Amino acid sequence: LIITFYNETAFFDMAVQSMVTQAIDGLELIVVNDNPDQFDDSWFADRLPDGARLIHHDINRGLSAARNTGIDASTGKFIGFLDADDYFTSDGLAQQYALAQRSGADVTHAACFLSRPGSPDVDVLRRDALMFLEPRQGAGLENFEEAQFFTSSWASLYRRDFLDKFNLRFDVEQPKFEDRLFVLETVTAARLIATL
């Protein structure tokens, strides 16, 4: 799992903690610091669990480059992303990972919630509420047309060999909506897509 960091200091500890509490043996956590001018090893020292890998870019290269750095550094069978201002529900990633393993899907998408700081209330992201609340599997876009409406890479797990086979990476020239291009490329190339 790759966490990209720029300056999300108010949320970073929660993001990391949400991963540490998942019931996944051998979870590989990679943090890519894309703001080396302001944050060095000392800022991360007490914030990362044992075994986490911290990679510093030499200069700010952008979110797409940070995600690509994490992909290229990873050794896991599945790749997932977590923005440093987001978090996983208590067993959300574990359930998603279990489905990814069972199904063998190239892309395994999970519904997302929107939360409000200081409030226990959450709402399912409207798009997910309309299309992705029921568990489902489909053989590519031909049998799972709704997958074209996945919009965020951080809501899915990707098989590493699938990403490598099709050389799927984020476009570093795309400073905005970088998720959208990556997601469209992955769901277009995917042979099997699963949701939960």
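Which residues have the most contacts inside the largest nonpolar core? The legends below take up this question in a predicted model.

**View 1. The largest nonpolar core, with 24 residues.** Phe81 and Phe150 have the most contacts inside this core. At least two of its residues come from each of strand S2 (30-33), helix H3 (63-73), strand S4 (78-83), helix H7 (160-165) and helix H8 (178-189). H8 gives the largest share, four residues. Ile3, Ala15, Leu48 and Leu82 are among the residues of a second, separate core, which has 22 residues.

**View 2. Surroundings of phenylalanine 150.** Beyond its neighbours within four places in sequence, phenylalanine 150 contacts Val107, His109, Phe132, Ser156, Arg180, Val183, Val187, Ile193 and Thr195.

**View 3. Aspartate 106 in the loop between helix H4 (92-103) and strand S5 (107-109).** Aspartate 106 counts as buried because its relative accessible area is 5%, and the cut-off for buried is under 20%. With residues up to four places away in sequence set aside, aspartate 106 touches Leu157, Tyr158, Arg159, Phe162, Ala190, Arg191 and Leu192. A polar atom of the aspartate 106 side chain lies 2.6 Å from the backbone nitrogen of arginine 191. The C-alpha atoms of aspartate 106 and tyrosine 158 are 5.6 Å apart in space, although the two residues are 52 residues apart in sequence.

**View 4. Aspartate 161 in helix H7.** Aspartate 161 is partly exposed, at a relative accessible area of 47%. Its side chain makes a polar contact of 2.9 Å with the side chain of arginine 159.

Key: Residues are numbered from 1 along each chain as its sequence is written. This is a predicted model: local features need pLDDT of at least 70, side-chain atom pairs count only at pLDDT 80 or more; totals for chains, interfaces and linings use all residues. Side-chain values use heavy atoms; hydrogens and water are left out. A nonpolar core is a set of buried Ala, Val, Leu, Ile, Met, Phe, Trp, Tyr and Cys residues joined through side-chain atoms within 4.5 Å. Buried means under 20% relative accessible area, exposed over 50%, partly exposed in between (1.4 Å probe, protein chains only). Contact means heavy atoms within 4.5 Å. A polar contact is a pair of N or O atoms within 3.5 Å; within protein, one must be able to donate a hydrogen and the other to accept it, and residues adjacent in sequence count only if both atoms are side-chain atoms.
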